[in-house]
Amino acid sequence: MAGVTISVNGKGATLSTSDGTFTLTNVPTGATISFSFIGYETENVTVENPKTVEAIRLIPAENAMREITVVGYGKQERRDITGSVSSVKLDEQKSFLSVDQLLQGRAPGVFVSNSSGALGGANLLTIRGVSSIIGENNPLYVVDGVPIYGTDRSANSVGTSGGSVSAISMGGTSTGGGSLVNDMDLNYSFEQNPLLSINPEDIESIEILKDAFATSIYGSRGSAGVILITTKSGSRDRTAVNVSYTLSIDQPIGKLDLLTGDEYAQIYSLYYPSDTYRSGYNTDWQDAVTRNAISHNLSASVSGGNSRSRYFFSLSYANNESYIINNDLQRYSARLNLDTQLSDKFTLGANVTLSFVDNNALTAPTVYKDAILRAPNLPIYNEDNSYYYGHGLNTKGNNDNYNPVAYANDVTSQSKNITTIGNTYLQYDVTPWLQLKTELGINIANSRAYVYKPELPEEVADLTPNNQASESNALKYRLVNNNTLTINKVFNERHYLQAVLGQSYEIGHEYSSMIYGSNFFSTAIKGIGSAQTTRVGSAGEDTWALLSAFARVNYQLMRRYLFGVSYRLDGSSRYNRLHRFINIPAVSAAWRLSEEDFISYNAPWIDELKIRGSIGWTSQDANNSYYGAQAIYVLNTSSSYGNEQFLSMSQPSNVNLDWEKTITYDLGVDFSAFKERVKLTLDYYYKRTTDMLFSSDLPAYTGYSTQYQNIADMQNQGIEVQIISDNIVRKDFMWQTILNLSHNSNKILKLNFEGNQLDQANSSYKYYAVGYPMAQWYLHEWVGVDPNTGEPLWRLADGTVTTVPPASNYETSTDNKKVCGTAEPKFYGSFTNILTFKGFELNAMFTFSVGGHMINSSRAQLLTYATETANNLSRDILDFWQIPGQTTDIPKLKNSSIINNSDYTSSITSTRFLENSSYLRLKTLEFSYSLPKQILRRTRTFNQIKLFVVLTNVFTVSPYSGLDPEVSAFGSSATAAGYDNLTMPSSRSYQFGVRFGL
Amino acid sequence: MKPILLSISLLTSLAIFSACELDYAPQNTMVDETVYKDEKTSQAALMGAYTRLCVLLAGAPNDQNNYTNSYFAFQLADIGTENITVQNGASSFLAMEKCEYTTDEHDGFIKDIYQYGYNAIDYANNIIAGINEFGQYDPKMMKQHIAEAKFLRAYEYFTLLCLYGDGALVGEDNGLGLVMRLSPYDGYKPEDIQARETVGNTYAQIIKDLTEAVPDLPQTDYTPALRYRATASVAKALLSRVYLYKGTYTKNLTELEQAAYYAGEVLKSPNITFNDAYNDHRTNIFPSNVYENSTYPDPTNYATELIFFQPSRISTNVFPCGWTSVYSKTSFSTSDSLINSYLPGDLRGYGETNEYLIQQGSSTSNTNLKASMKYDNGGCYCDVQYIRLSEIMLTRAEALAYTTNSIDAEALELLNDIRRKPFPDGQKPAELTAEDFPSVEAFVDSILVERNRELAMEGHYRWDLIRTGRDLKVKGLPNNKKILPIPEYEVQISDGVIKQNTGF
């Protein structure tokens, strides 16, 4: 053990070296040598033989929490922490595909929502609310010191249209204000989960850095929070082998109640009396494309070490099926963590992981959606067992709607991702209390997405997604070099100084290309190079770099008064030279009251009471586009000026472009009592983000109308609490309860020149205005159905109720909209109970979210019958108004809000489809049994055998009428959250597993 | 071993440190540094700046027209004058005619034209600054490119000055001119808001740019087909227009002498020549290179009198001219007043045969109205004449009449050339002689009448009326109402630092 203070008769202190040895000279026989180290009981040894002293084993102090917490560029004891950091202990049972799923309900202030049931799809994760409008709101993930590649929506979306032109013009209604139904980006892209490359089994611990003091050491990338992932390492004591296997069965959490073929024919015949809709078939398309998905996860690791070296090696294989037919995902991963002491002073090590993810589940969202919308009176197969395409004898129907079963089986849409994350380091212990460390990290992400849509039979050859393919290749690699100097020193036993001083350089190269091919001569030909028509969509490389210097000093006086200062300087290549560098300082202080006499005497039942506070800045490089500060010229290829080719400016220069800055105030209490039976962590924070990028008007004399400027301000404030209570602790029985509760509220303080803006940030039809939380819905008010006439009623801004849909009047449409709330919940959290009896453990985790809203665009689409696509409908439509006096919320089929094929009643920009998405969900129910030690000892092989069953998404209580209140059609985007757009619901899964330890 | 390890670690760190670089340029796009370094890309940027002038004046490639092709600076010189009858439904054109503007116009064409004028100016500013900073090619070519950009900037400022400058055409040098932008836009901070310069300063900048450009521009004129780029003659032609517009109202002899001088310089050019063929207007000049039935026009068929024009011809179907509704007469038509100003038999007037410049136009839309054939046949793809010799001849004639205060013989000859040309031999009116004019004023009036007969629908008339103190279509307006107001948006966003014109 290094850094142990060794003194003789209370004088002449020295420190032990990294291998734990020390040398003292002139020690008289009979002298008392004391060994002290923070967190350990002081050991006193009387010297009998002055030449050598037997090995001393320091015992951890009884009351001290030994929990070591990883912080930015270092480690600290949990009790020494002055910032706000949540640690998540890894669950041994459940098998997760990605880390973010694992974090749901595990830490206060961390909001996780499973965006869809699509295998390998990205989820929504925000820490302490949304901190940028234009920029990313995903936290920075750092794996063993290597930041991992872009986790935002745009960086992980793969195109699945497969064609050089948009393949299908989707059904739905023109709604005079935009409709998500027609959002091509949603229909033809799949946002992959960037965390898939990390095998959760390899993770030792996860730390979530939340306040400014904790995150500011990550500088310009810290404002959305930082998630530090530390992987396992071996133990010097013994060799351990762990093997686990999990079998999972997944099925969709629910099924939409749709019309049968006969009902479908009946409704459409009523609406279009002159058309024919022959019934006869009653195909349940949902059943046709879904299944009980079976997945296998196998993971094995071996770890160990000797006095000089440690290793951890793991292999894992996951074969997951989607609940959509013919969609699956495989992951292969390997990890080797190794460190070795070269000499007394030098240690070197490496953490390397290799992973290969083969995602064949990219068509699942499209198949799911098409299956729901497909007319149920059409068969799946022709009589000769070939697929039945088109809309047959139905007069109307979506000409472009592929048979979803055929789509799932015949269309190839896959993405292969090879990722390497590695970190090598060399550490030099100059003195026991001073270390130098140089690290070289690398993250290589290579992905290839390929979509192939084969030729169709001649009679349906005009279906557009036909005989074409696309391929996108991306190679991204980044190198990180960190050089740090670390000091850990105790002076006079009263002063404890911990400091890290460092420098970092990070460079990223991102190459990508997109190629298209169409008109393949034969379905046997799959390579785009062999297509008869080919096209290059894009190809090129971009480079960026970040140069940083940082420092953090923690000082403790008498274990009671803790102070911290941190500072980082970041310089980014994405900014103009004038604004390239940013300073990010933070300070914190804590007072450990429990060390004071007035507490320890008067309230000895208190184990730990610490009040801590911090203030500091973090920042965000919201400038997503490369080179946002420079004027960019593009060659015009479609016309010329006379005989000359010409350039036009795609953007003017913007030298004022600057960083977004967030100042965070955090006040927290850490408390534990009754021999640690009750632990409480409480934090209040106030975050004010200034200089947020937002598009704003310019004086016309500049020659441009709008430009991104650093002008918007916003605040987030919230409270988060975690309570862990060991309700009952007996020899064989334990009952523990964990409560996580978080509240965040957001408000825009300043916006652009106009003070409000509709749908600027993305295509999700949200509204931004000063004084309101960001990303509001801005909707027309739907009143209901007039029981006397069956006509839909709308309320205008002045209160008038009318049968004329306000969206139909282009001039006044916007004036009649109103602000209707956001997707962000008022409270969210989790409630977990763990019961242990001998080898049995029962763990039930409820997650909840209160006060959020969702646009049920699924329902909107399933109530849209006035279009030529004649898609299937919700059974709710059968309640349509028929006789005066009938109370229903479905208007009569032919009503005055349907104007020339535009059905304003099914517009998602009305309050008709805005619903409360609060929920309480039994997220996981785990039951496990560990074989007793006595039996294991008899095997002489195993030291652990554990059997477990885990049920996920067991039940949900929610006022939301759709299938899953957690979904978000826009994946990980926090500002666009809150749309259920026939999004695949989460699955209910049953896992059965076994874990062996040798 | 230790020293070895230490040095290895130090070396590694140093090696990585030495590569610490923060300047990375995009690979797929060009930035200032790469564009203005070489002649080829620099010139392409300059051509981009020419297209921005077209956006302001009379139409540009489809993807460059950031607003609907309804309002261009070119049209505003004729709409609101007796040359044009506006249809009842065209509310913005009616507002222009009445010179009374509502929010619709302020947020519409008044702002659009203003903004795109400045956008064109910004392109020119980028070229001037970019070449000066990064240019590494033949210094002569660099100078020429800068000179062309200065020419463009001057043309753009002059166009905006005629439209928005308070008193610019009536000699009020202290009136409110324009916000002067002489360096590239590179970001906005509210505290940097700029106020308007005076009319005098705006003129000074325009004249400075043009006179600085003249020596660096090509001294030889291009063949007619290529006269879409500036040469010394083009800059001089514009100078004669600038001086004439500036000096007429106050009869400032120094300025008018300059107008006469520069017009005279252009007339000396051996390549820009007057063609007196009676059918020259219809066969060579108007409409110029119409794109019809998917066929490309003959690029050799260009009149020798062309000086500077908008070249739609190569990109025909993607480079529309802005006069879309001339032929269809949907918003406005050529007025009877203009038609009646021509002598009988004048081929520039109305006639039923294809020889005339004013005809029925579209035979399916608004058949009772008349259309100028200076523009296309409805497809809206044709070249647009910005400057041609006839204007310069009439400018010289007018300027000479003022400066000599006589019925100057050269002026008279120029007037006769223009006046008699569009009549076939045998039908030409008799040559005018000095005796036909009772006074110099009558002579000037006659030149002005001829100027509109010749140049109607070519972006001149309104400015001729204002600078000579005459009424627009609506009678009795004070001078400060004859121009456009500054867009209300600009006054608001600048918190009043940018002042509204005195008439509004």
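Mentor: Strands of a sheet pair through backbone hydrogen bonds, in either the parallel or the antiparallel sense. In this predicted model, strand β22 (residues 434–453) of chain A runs antiparallel to strand β23 (residues 468–491) of chain A, and 20 bridges join them.

Trainee: Which residue of β23(A) stands opposite Arg448(A)?

Mentor: Arg448(A) faces Asn473(A) in that strand.

Trainee: How many bridges does β23(A) form with strand β24 of chain A?

Mentor: There are 24 bridges between β23(A) and β24(A) (residues 495–518), and the pairing is antiparallel. Within it, Ala474(A) has Ser512(A) of β24(A) as its bridge partner. The two strands form a hairpin with 3 residues between them. In the turn, Asn492(A) has a positive phi of about 50°.

Trainee: Let us turn to helices. How is the packing of two helices described?

Mentor: One gives the angle between their axes and the distance between those axes. Here, helix α9 (residues 199–216) and helix α10 (residues 232–247), both of chain B, pack at about 155° with their axes 9 Å apart. Angles over 145 degrees count as roughly antiparallel, and therefore α9(B) and α10(B) are described as roughly antiparallel to each other. The crossing of α9(B) past α10(B) is left-handed. Residues that make the contact include Ile206(B), Leu210(B) and Val214(B) of α9(B), together with Ala235(B), Leu238(B) and Val242(B) of α10(B).

Trainee: Which residues have the most contacts inside the largest nonpolar core?

Mentor: They are Ala49(B), Ala120(B), Phe151(B), Ala235(B) and Leu238(B), in a core of 156 residues. Helix α8 (residues 139–164) of chain B gives the most to this core, namely 14 residues. Leaving aside neighbours within four places in sequence, Leu238(B) is in contact with Ala154(B), Tyr155(B), Leu210(B) and Ile387(B). A second, separate core has 144 residues, among them Ile133(A), Leu195(A), Ala449(A) and Leu657(A).

Trainee: Is Tyr164(B) buried or exposed?

Mentor: A residue counts as buried if 20 or more other C-beta atoms lie within 10 Å of its own. Tyr164(B) has 25 other C-beta atoms within 10 Å, so this residue is buried. Tyr164(B) is found in helix α8 of chain B. Not counting residues up to four places away in sequence, Tyr164(B) touches Tyr114(B), Leu178(B), Ile483(B), Leu484(B) and Ile486(B). Separation along the chain and separation in space can also be read together: Tyr164(B) and Cys99(B) are 65 residues apart in sequence and 13 Å apart in space, C-alpha to C-alpha.

Trainee: Finally, how many residues does the contact take from chain A and from chain B?

Mentor: The size of an interface is often given as the accessible area lost when the parts come together. Here one may count residues: chain A contributes 58 and chain B contributes 62. Among the elements that give two or more residues to the side of chain A that touches chain B are β21 (412–431), β23 and β33 (706–729) of chain A. β25(A) gives the most to that side, with 7 residues.

Note on methods: Residues numbered from 1 in each chain as written. Chains lettered and ligands numbered in written order. Predicted model: local features only at pLDDT ≥ 70, side-chain atom pairs only at ≥ 80, totals over all residues. Pairing = 2+ DSSP bridges. Helix = DSSP H or I, 4+ residues; strand = E, 2+ residues; numbered from the N terminus. Core = buried A, V, L, I, M, F, W, Y, C linked by C-beta atoms within 7 Å. Buried ≥ 20, exposed ≤ 12 C-beta atoms within 10 Å, placed from the backbone. Contact = placed C-beta atoms within 7 Å. Axes fitted to C-alpha atoms, helices over the stretch in contact; angles between N-to-C directions. Parallel < 35°, antiparallel > 145°, perpendicular 65-115°, else oblique. Left-handed = near helix turned anticlockwise from the far one by under 90°.
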